[in-house]
Amino acid sequence: MKNFFLSYKNPISVILAVIIVGGLFLYGQIQVSLFPEITFPKLKVIADNGEQPVDKMMVTVTRPLENAIKQVPDLKILRSTTSRGTCEISAFLNWGADIDINQQMLESRISQIKNSLPPDVQIQIEKMNPSILPVIGFTVESDKKTPIELNLIATYIIKPFLSQIDGISSVGIIGGKTKEYWIELNQLKMSTFSVTPEIIRDMLNQNHFISSNGFLSDYRRLYLSVTDAGLYNLTDVENVVLRNDGKRLIKLKDVADINIRERTEYTRINANGRQGLLVAILKQPAANLINLSENVASKKKELEKILPPDVHISLYYDQADFVNKAIKSVNDSLWLGLLLALLVAIMFLRSFRASATILVTIPVTLLLTIIVLYCIGYTLNIMTFGAIAAAIGLIIDDAVVVVEQIHRTHEEFPDRSSNQLVHQAITYLIPSMVGSSISTIVIFVPFMLLGGVAGAYFNVLTNTMIITLVCSFFVTWIGLPVIYLWFSNLRSLFPEKKKTDIKTIKTRNWVSFFLRRPVLSVLFILFLLLSIIYILPRLETGFLPEMDEGSIVLDYKAPPGTTLEETNSILIEVEKIIVKIPEVATYSRRTGAQMGFFITEPNDGDYLIHLKDDRKRSTVEVIDDIRKKIEATQPALQIDFGQVIGDMLGDLMASVQPIEIKIFGSDHKTLNELAKKVAVEVEKIEGVEDVFDGVIIAGPSIEVIPDQQKLAQFKISPSSFQFQLQTMNEGNIIGSILEKEQMTSIRMIYPNSTKNSLENIKNQFVFLSDGKLKPVASLSTIGLKEGVAEINRDNLKSVSIVTARLNNKDLGTAMKEIQKTIDSKVFLPQGYNIVYGGEYADQQKSFNELLMILILSSLLVFALMLFLFKDFRAACSILFIAVLGISGSLIALFITNTPLNVGSYTGLIMIVGIIGENAIFTFQQFTTNRLKGTVDESLVYAISTRLRPKLMTALGAIIALMPLAIGVGTGAQMHQPLAIAVIGGFIIALPLLLIILPTLLHLLYKKEDKNQLINH
């Protein structure tokens, strides 16, 4: 270290300049996103097999798929929901598993059993990651264009135009109408000409095609011979020849009316009260959301120039808006806290040179952190920004300790040059600097044990903290002394004493006062221990910190079997409520569709409601208002509220709702009855809202049972009978026409089929093979069948799941009340049991892991102290006050009504390392002075010496974290619990370090003074 900073001043200055320039450049290049790019270990399989009954669907599709998926090696949980004709299976893998390899294995397993599944089943498999959810949404509206024309514009102009943008994985079109050619059959004319629906189908399928006849050569040229018997327009369809009866050619237009119609849709899209069409943009996983949003906005301006004048495209959702606000909020909190902390340093040091050194050192540390984050592939998101903001106090601590030591050395030796002072101060501090830095870093190492979604996100936070602290150590150790030398020749900002005046440490008599009265320290220790015992059972608990996003997702479900038209009429009344809420800016609604990858019926869907930035009420308060008004006016509508980001995370995790009560058993009917009883009791608990018993009934069905003997008597096959029945109802697709880069379907249907009723079906006629007609009722038995409940299974066991959300109530308290209520009021038959899942299960798992992390972190701090000082008594004393510092965090959380969640728990663990770090400098000062005086004299001198830096670091850290703790701004609530916990720990750390630690050392080492007297 001899003359190191003087010898290498210029090279280090160049390195610091490179860090500043490189950090500023990469700050503009590094990707920005809301959350870290996490691949959730979830695969979802949706199988569609028409309208098969639930029980048959379970046997023929769900169970074979479950058995195949169960063989995937990394599978942890398997959940399925079987509905009428569809099943949805979610495969949850172990965290850390390779999702792509597991998806390939899952697809391979399903391919192996494909032949044993029904031939018409359609299977979709998706990785459940944030990239499957839209990040930008537009509405397309027009006062003149038809829904068909709007759909064509969206599909062939808007979609290709936006798809050119880098970073977009797909552009989805939701809503609008699809063009179809309808062949509306005239039964009387068909019977007259002995034409059956099968004849029409076969003529279109077999006789209208485009096919190659092979190559031929002529005059040294090679030609491809093609037979083109295709259909290209309405006239071609009308003139399709069905038969020649010897007198005339019977064409399709002779027995049917052919026209262009809208395809029957079971979805309805509404944006701000107007029917329209939605364009949903999905981004590629590695794309920069902010850049993507800017590029889309730029392209939108170009797009508007080529669209027809009466077509308007408007933005209704942009995730980048929230990301920008959240990142800006945390960023502002970071810089505001840093500025306030620097003001504290200036007030204490009253030296321009020392204050300017800190002012330069901290930005250099932050820029070096940005460089490292960029190099390892991290993005700037709410977790990495939050980690840097939370670590500001520790960065300030490192800088203040070194600057204060240099400044104090300058006060003690005013006649020495800056080069000598810097060398002397760093040489003295380097062992403690290494030990203190390691002390704060090692506490984050055990966080690798934290699993699940909490581990996925908070490991990014703790890794960023480790990177920040390592950068802080190197900049403070190597860069800060050089920066101090930069300012050595500048005048002081404040008047200073002459260099010939030596400033000595002022002895603090109050330290002796407490050393002579250890009972006061013992009482304070008892107070802190009792506070822990009192607060822990009464402290609110949660899982992940919640944010006020300024947006609402309202999921709704009309009664089973409700038509699309009736559902729409109910929702029109809901929208009258929404538009009267003063905080609502815009909204969009999907009926028969949802954001995400789900089974959706025509009687359910969701709203996406955006609130104004300038509003007096929080999102939760607005949700309460909307909920009360909808429940009062539309009691038949089942509703469930959430926020966009939280809802998206819920879709990617095991459960969307915080509360999930799973009832396992063997009989589905009994399970549903128990679920309803549980839901009724849970609904009575205050603070628990949106309770749903999980019983979803498919709408009623009309069951047609063919009479096999009569069908055989009239030479009608069951498949032909079913084909004609489908023609009577929704029609059959029997061909297509190539038009403008799209295939337009040809649908064969009977007139007024969309208005059929049970009586109409009974009175319909079926064609016999000779063209004669026979009533449907004479060939089959027709009756109504009630809807059947969906079947849920969890790891191949039947289950009913009751879900709910919280409203101004913490998760821990709510679950205690729910468990107590269910245990006392719900009787479970033998063989049935209840398991509590959702966020509560994740919370319990994370809390157990965090407790283990806390213990391991404490042991690592103890081992470090033992290694540094080789003194068991000192290590035990420091460990004791470090762990006792948690009481300050708990008191702060309790006073501010902040729940103990993963964020605040992380703050508790941080306090152990922070107190351990500060104790190192005190004990080092104590052992140094111990060679010259008694134990008490050494303790008084050590505390007096370390008083200023301790006050500076504590006040600086508290003030730096205060903007985060206040939680002002979008997304600031994510790190508010952590900041509050750390501030509470810092406040208690001061008396622990300045009073309790010297008292403990006094009690442990006072015998050494007696032994020295005896020896002398």
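Contact is defined here as heavy atoms within 4.5 Å. The structure is a predicted model, in which local features need pLDDT of at least 70, side-chain atom pairs count only at pLDDT 80 or more, and totals for chains, interfaces and linings use all residues. Residues are numbered from 1 along each chain as its sequence is written, and side-chain values use heavy atoms, with hydrogens and water left out.

Helices (H or I, at least four residues) and strands (E, at least two) are DSSP runs numbered from the N terminus. Helix 19 (residues 619–633) has 15 residues and spans 21 Å from its first C-alpha to its last, close to the expected 21 Å; the expected span is 1.5 Å times one less than the number of residues. Its buried residues (under 20% relative accessible area; exposed is over 50%, partly exposed in between, with a 1.4 Å probe and protein chains only) are T619, V622, I623, D624, D625, I626, R627 and I630. These residues pack against strand 17 (551–557), helix 18 (564–580), strand 19 (604–611), strand 20 (638–642) and strand 22 (688–692).

A search of the whole structure finds 28 salt bridges, each a side-chain nitrogen of Lys or Arg within 4 Å of a carboxyl oxygen of Asp or Glu. In one of them, E184 pairs with R261, with the closest N and O atoms 3.0 Å apart. E184 lies in strand 7 (residues 179–185) and R261 in strand 12 (residues 256–262), so the pair ties together parts that are 77 residues apart in sequence. E184 is buried, at 13% relative accessible area, whereas R261 is partly exposed, at 32%. D606 forms a salt bridge with R590, the closest N and O atoms being 2.7 Å apart. D606 belongs to strand 19 and R590 to strand 18 (residues 584–591), so this pair joins parts that are 16 residues apart in sequence. Both D606 and R590 are buried. Salt bridges that share partners also link R79, E660, K662 and D794 into one network.

No disulfide (a pair of cysteine sulfur atoms within 2.5 Å) is found in a search of the whole structure. For C375, the nearest cysteine sulfur is that of C471, 10 Å away. The sulfur of C471 likewise has that of C375 as its closest, too far for a bond. C375 is exposed, with a relative accessible area of 62%, and C471 is buried, with 5%.
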